[in-house]
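I opened the model today to go through it part by part. My notes follow in the order I looked things up.

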Amino acid sequence: MKLPRSIRVIERGWLSANNIVLEERSEAVVVDSGYVAHAPQTLALLERALAGKKLARLVNTHCHSDHMGGNAAIQKKFGCAISIPQGEAPAIDNWDEQQLILAVADQRAQAFSYDDTFRDGDVLQMGGLDWQVIAAPGHDTHAVMFHSPEARVLISGDALWENGFGVVFPQLFGRETALAETRATLEAVGRLDVDVVIPGHGPPFGDAGAALERAFHRLEGYEQDIARLARHCAKVMLSFSLLEKRSMPLAELPAYVARVPILAELNSRYLRMTHAAMAEWLVNELERAGAAGRREGLLLARGE
Ligand SMILES: [Zn+2]
């Protein structure tokens, strides 16, 4: 597995998506900007990676908080242009907190303005390579991937990870077709010539076929049992919040799951537990997954 020398992956964690720096001569493009709380760290990492090169453009695979939360800070510091998927433009124009899954999920991002948009079928030049823009709906309706047929590299965002893909929301907020979209997107990846996948989270990986197999297996589980997807979704949402806050008082969790709209909606539609039972179940699940632990009345984030 080998990436072209012009591509550098700054691997982050789960709160911040990876930043991908693509260089050509004295200029560079970066894909995705991380979560807003990490913005100072993102700026420092980028400055080091750029080593004096001019950051000409910031491009987003999609506009979730962990991918675009640092856009405003990067634009301010480096004066770069920002390009986003065309489908995301109305949500960014109106700063639609529901569409962007911000307040509804207790997530944050700093508003920004973009310079232009791209869409499925367009070709972007980044790091001296031509990248085909490929629609990647599912995890986010308007997400895209970037594929370089020449380098045989896929920048997949959250459409495909080495183990799975970005959380898909069950029938919430108008996302009725998300699972079917996810299937079509995975099938589209299967039609590409790819030696290396650069995912939005986790290290670059080589065996796209094996990753697709795992992703389809996971998807089939959700297709057969939508409640399973709802449970996964609730766990992902709380884990993400915990990664930002680092700790949460256990006694306040029942009120938290009642207050955060996405958790409340998942519960009333699928889980149907009391708030206290949902909070207790979530804590147990996060502990079991090694994502959290309890100490002195607090739920503490593990890792990152
Ligand atoms: Zn995402």
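**Domains and metal site**

I began with the overall layout: the centres of domain 1 and domain 2, taken over C-alpha atoms, are 27 Å apart. I kept in mind throughout that this is a predicted model. The chain divides into domain 1, residues 7-224, and domain 2, residues 236-301.

Next I checked how the two domains meet. I found 19 residues of domain 1 in contact with 15 residues of domain 2. The two domains bury about 1500 Å² between them. Carbon and sulfur atoms account for 67% of that area. I then looked for salt bridges across this interface, and the rule finds 2.

I also looked up a salt bridge between the side chains of Asp-106 and Lys-245. The N to O distance is 2.8 Å.

Then I turned to the zinc ion. Which protein residues are its donors? I noted His-62 through NE2, His-64 through ND1, His-139 through NE2 and Asp-158 through OD. They lie 2.1 to 2.5 Å from the zinc ion. In sequence, the donor residues are spaced H-x1-H-x74-H-x18-D. The pair His-62 and Asp-158 links distant parts of the chain, 96 residues apart. His-62 sits in the loop between β4 (54-59) and α2 (65-68). Asp-158 sits in the loop between β10 (153-157) and α5 (178-190). I checked their burial too: both His-62 and Asp-158 are buried.

Why is the arrangement around the zinc ion irregular? I looked at the angles: the 4 donor atoms subtend 77 to 169 degrees, so the arrangement counts as irregular. A tetrahedral label would need all angles between 85 and 135 degrees. For reference, I wrote down that the ideal angle for four tetrahedral donors is 109.5 degrees.

I followed the chain into helix α2, where His-67 is placed. Is His-67 buried or exposed? Its relative accessibility is 0%, so His-67 counts as buried. I listed its contacts, leaving aside neighbours within four places in sequence. Among them are the zinc donors His-62 and Asp-158. The list also includes Ala-17, Asp-32, Ser-33, Gly-34, Asn-60, Thr-61, Gly-200 and His-201.

Last, I looked at Leu-243, which is found in helix α7, residues 226-245. Leu-243 has 13% relative accessibility and therefore counts as buried.

How values were computed
Residues numbered from 1 in each chain as written. Predicted model: local features only at pLDDT ≥ 70, side-chain atom pairs only at ≥ 80, totals over all residues. Heavy atoms only, no water. Donors = N, O, S within 2.8 Å, 3.2 Å for Na, K, Ca; no water. Tetrahedral: all angles 85-135°; square planar, octahedral: opposite > 155°, others 65-115°. Helix = DSSP H or I, 4+ residues; strand = E, 2+ residues; numbered from the N terminus. Buried < 20%, exposed > 50% of the residue type's maximum accessible area, 1.4 Å probe, protein only. Domains from an automatic or database assignment. Contact = heavy atoms within 4.5 Å. Buried area = accessible area lost by both parts, 1.4 Å probe. Salt bridge = Lys/Arg side-chain N within 4 Å of Asp/Glu carboxyl O.
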